[in-house]
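I opened the model to look up a few helix contacts and loop positions. My entries follow.

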Amino acid sequence: MTRLNSLCNWAIIPTALLILTAAPAAIAQQQPSPDATATAAASPSPQSTAQRTDLSNTVHAIAMHGKPLLPEGFKHPPHVNPNAPKGGVIRLGILGSYDSFNPMIIKGVPAAGLRDFVYESLLARGLDEPFTLYGLLAERIEVPDDRSAITFHLNASARFSDGHPVDADDILFSWKTLRDHGRPNHRAYYKKVTKAVRLSDSAVRFELEPGDRELPLILGLMPVLPAHALTEQSFQQTTLTPPVGSGPYQIDRVDPGRSLIYARDADWWGRDLPINKGRFNFAQIRYDYFRDDAAMLEAFKSGKIDVRIEKDPSRWAEGYGSLKKDGHTLNKREFDIGLPSGMNALAFNTRRPIFQDPRVRRALIQLFDFTWINKNLYHGLYERTQSYFDRSELSSVGRPASERERDLLKPYADAVAPAVMEGKATLPKTDGTGRNRKIWRQALSLLKQAGYELKDGKLIDANTGRQLEFELLAGTTINERLFLTYARELKKLGISAKVRIVDSAQYQSRIKTYDYDMIQTRWPSSLSPGNEQIFRWSSKMADREGTFNFAGVKNPAADAMIQQMLSANGADDFKAAVRALDRVLLSGHYVLPLFHLPRQWVGLWTRIRYPETTSLFGYQLDTWWTQDAEGSTK
């Protein structure tokens, strides 16, 4: 979600995303009627009421693989300060604007923070392990060994901000509404529910299609909407009316498109849950929106913004200086992160004829001189991204394929290049001088095979007589230097690459409809990739608006490896499927891999404090607090 590059995300939590064709599921009672349209709000039978208090087979958490890290009765997550003081204000900056408080639909540009602070899910992710969920709105769950179903038992204390209890009707309304009218990812994975059974006022069981062991966890992350405050019709509209949610904050003040203030709900039902201990400490969270990054940086340096997530090595190396204001100092802090780097890349839109030949894409990848760019633009601080799961054991680079991987890939003999299969393929390395004649010759050879030839200093398609040219679309000026440097390099070989920067609204509109040649984007990754890979790489996603399949990938081998990943029953099978998918995508040359930071860089004023321990997912702003609040017990 790349939206992911903004401060609206407190944790780097990959959302599982997929779209599949499925028949509508039935909403049923414990004894379902033959009518598949039975209403979710029907009264529970005496049998279902009896089940309400039967929690003997329930558990407090579910892990994708293995066992949960935190045992029954745990006190708080490891990465928090359980005694963090409450109070104070944190001021955050974000690029762009917003025109809606509805983050669940494609229409509009939603305000930052809604999914983090207003809407809660049934379960909460543990951020000190790859993929484990703990009780939140649902305090207990039941899951059979084959994961063919999941039953959620709601916490009796769960309330929306207007005081209305969260009940089974809210779960069923959320599931059905998101399935039928939500974002493409919601519509997709909630269609894999074959039946929703209302067991009681506080319990719902979802029966699931076979073959996707991640789906019970995906349902656990489903945002829960207030059935009493919404209809299916009102849900589909953009709105600037503050929503009713069950989360720790409510919208307090609004300046449409320019700023937004959240205030912590003093009556929040979940403040004493173990998973929330030491979290959501700020009394207020303020977002200020900026049209460009330079203005946002100046606001940060002047003390109007408290925290800045930095991704520009030049600014990190020399752009902050030694600043003090109101007794506080601007500090730079590097945080460790245990997740894969993800894929930060220039995505080729293979829906465009110009990029449908993989030899053209491969040549353009070779012509990107990372060594020179890193040294001259970024102080040598970046590391080159070689894999979709770089910086982790899930990466295939440097590892020959295992027998299990080879078995999985056997039906797709041409899907993986031999060097990739042997783990020997790497991106081109240069001497950093900017004179890379050997690589230029290799790239020109590929382009000649694809039907191009040099004429009068231009690379011309021999069939059409047109120059090889494309547009690199951007929504901000942040990476303008990078794009222009790459474009100048391509010009030396007669390739015309034009850089076009548009406003954020136009950019979002164009990427939703894939109206671009090339964009820069990032697909984050976790140690437990799953359904989100379908939304990024599945053939079924390539022609559907609003997905993250920005490259237009249509590859049966990728589809098959994703399915193997989802159905894997053990850690070894799962790892083999992920590495096999990595090999398929690398062999397809769908993106031009860029680079990643070895650690997370954060600039912050010393009035903002943070715990000593960092989570597996890196820094978590919702565990931080202000110096102003120290000594407070509110």
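**Helix pairs**

I began with helix 9 and helix 13. Arg359, Val360, Arg362, Ala363 and Gln366 of helix 9 meet Ile439, Gln442, Ala443, Leu446, Leu447 and Gln449 of helix 13. Contact here means heavy atoms within 4.5 Å. Helices (H or I, at least four residues) and strands (E, at least two) are DSSP runs, numbered from the N terminus.

This is a predicted model: local features need pLDDT of at least 70, side-chain atom pairs count only at pLDDT 80 or more, and totals for chains, interfaces and linings use all residues. Residues are numbered from 1 along each chain as its sequence is written, and side-chain values use heavy atoms, with hydrogens and water left out.

I looked up the geometry next. Helix 9 (residues 358–366) and helix 13 (residues 437–449) pack at about 165°, with axes 8 Å apart. Axes are lines fitted to C-alpha atoms, for helices over the stretch in contact, and angles run from 0 to 180 degrees between N-to-C directions. The two helices are therefore roughly antiparallel (under 35 degrees is roughly parallel, over 145 roughly antiparallel, 65 to 115 roughly perpendicular, the rest oblique). Their crossing is left-handed (near helix turned anticlockwise from the far one by less than a right angle; clockwise is right-handed).

I then took helix 10 (residues 370–377) and helix 14 (residues 480–491), which pack at about 140° with axes 12 Å apart. That makes helix 10 oblique to helix 14. Trp372, Ile373 and Leu377 of helix 10 make the contact with Arg481, Leu482 and Thr485 of helix 14. I noted a right-handed crossing for helix 10 and helix 14.

**Helix 3**

I checked the length of helix 3 (residues 168–181). At 1.5 Å a residue, its 14 residues should span 20 Å, and the end C-alpha atoms are 20 Å apart, which agrees. The expected span is 1.5 Å times one less than the number of residues. I found 10 of the 14 residues buried (under 20% relative accessible area; exposed is over 50%, partly exposed in between; 1.4 Å probe, protein chains only). Among them are Phe173, Trp175 and Arg179. At the helix start, a side-chain oxygen of Asp167 comes to within 3.0 Å of the backbone nitrogen of Asp169.

**One loop**

I ended at Gly278, in the loop between strand 11 (259–264) and strand 12 (284–290). Gly278 is buried, at 3% relative accessible area. Leaving out residues up to four places away in sequence, Gly278 touches Val80, Asn81, Pro82, Ala84, Asp622 and Thr623.

Methods. Polar contact = N/O pair within 3.5 Å; in protein donor to acceptor, adjacent residues only side chain to side chain.
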